[in-house]
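Open the structure in your viewer and keep the selection panel at hand. The stops below say what to select and what is there.

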Amino acid sequence: MDPNLLAADLSYLSEEDKANISSIIDNFQIRDKRCFSDCVNNFYRKSLGKQEEDCVMRCTKKFLNLSMRVSMRFAELNPDASTQ
């Protein structure tokens, strides 16, 4: 896991919560790589083709929406975190 992704102070979380967040971040990184490997299949030119670009944009949008939903849900489950 990239330690920069957990730069926020998470000392108030239990070890189990920290492990869950770590797992979520690892899954996000895997999905990010999956967007590239699923969408980009032509390495004969420097730029993406229209279909590849559209695919990457759709995949990235889904990833960001999921990330936002997970963050909002985490905030709902840990209301005390915002007051510290």
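A salt bridge is a side-chain nitrogen of Lys or Arg within 4 Å of a carboxyl oxygen of Asp or Glu. A search of the whole structure finds 3 of them, and the tour visits each in turn. Side chains of opposite charge can pair when their charged atoms come close.

This is a predicted model, in which local features need pLDDT of at least 70 and side-chain atom pairs count only at pLDDT 80 or more, while totals for chains, interfaces and linings use all residues. Residues are numbered from 1 along each chain as its sequence is written, and side-chain values use heavy atoms, with hydrogens and water left out.

**Whole chain**

Select the chain and colour it by pLDDT, the predictor's confidence in each residue, from 0 to 100. The chain averages a pLDDT of 77, and 80% of the residues score at least 70. Now select residues 1-7, where the pLDDT is below 50. Beyond near neighbours in sequence, this stretch has 10 contacts in the model (contact: heavy atoms within 4.5 Å).

Switch to a cartoon view. The chain has 2 helices and 0 strands; helices (H or I, at least four residues) and strands (E, at least two) are DSSP runs, numbered from the N terminus. Of the 84 residues in the chain, 14% are buried. Buried means under 20% relative accessible area, exposed over 50%, and partly exposed in between (1.4 Å probe, protein chains only).

**Arg 45 and Glu 52**

Select Arg 45 and Glu 52. They form a salt bridge, with the closest N and O atoms 3.5 Å apart.

**Lys 50 and Asp 54**

Next, select helix H2, residues 50-77. Within helix H2, show Lys 50 and Asp 54, which lie 4 residues apart, about one turn of the helix. Their side chains meet in a salt bridge at 3.2 Å, N to O. Lys 50 is exposed, with a relative accessible area of 61%, and Asp 54 is partly exposed at 31%.

**Arg 73 and Glu 76**

Stay in helix H2 and select Arg 73 and Glu 76, 3 residues apart and separated by about one helical turn. Here the salt bridge spans 3.1 Å from N to O. Arg 73 is partly exposed, with a relative accessible area of 47%, while Glu 76 counts as exposed at 52% relative accessibility.
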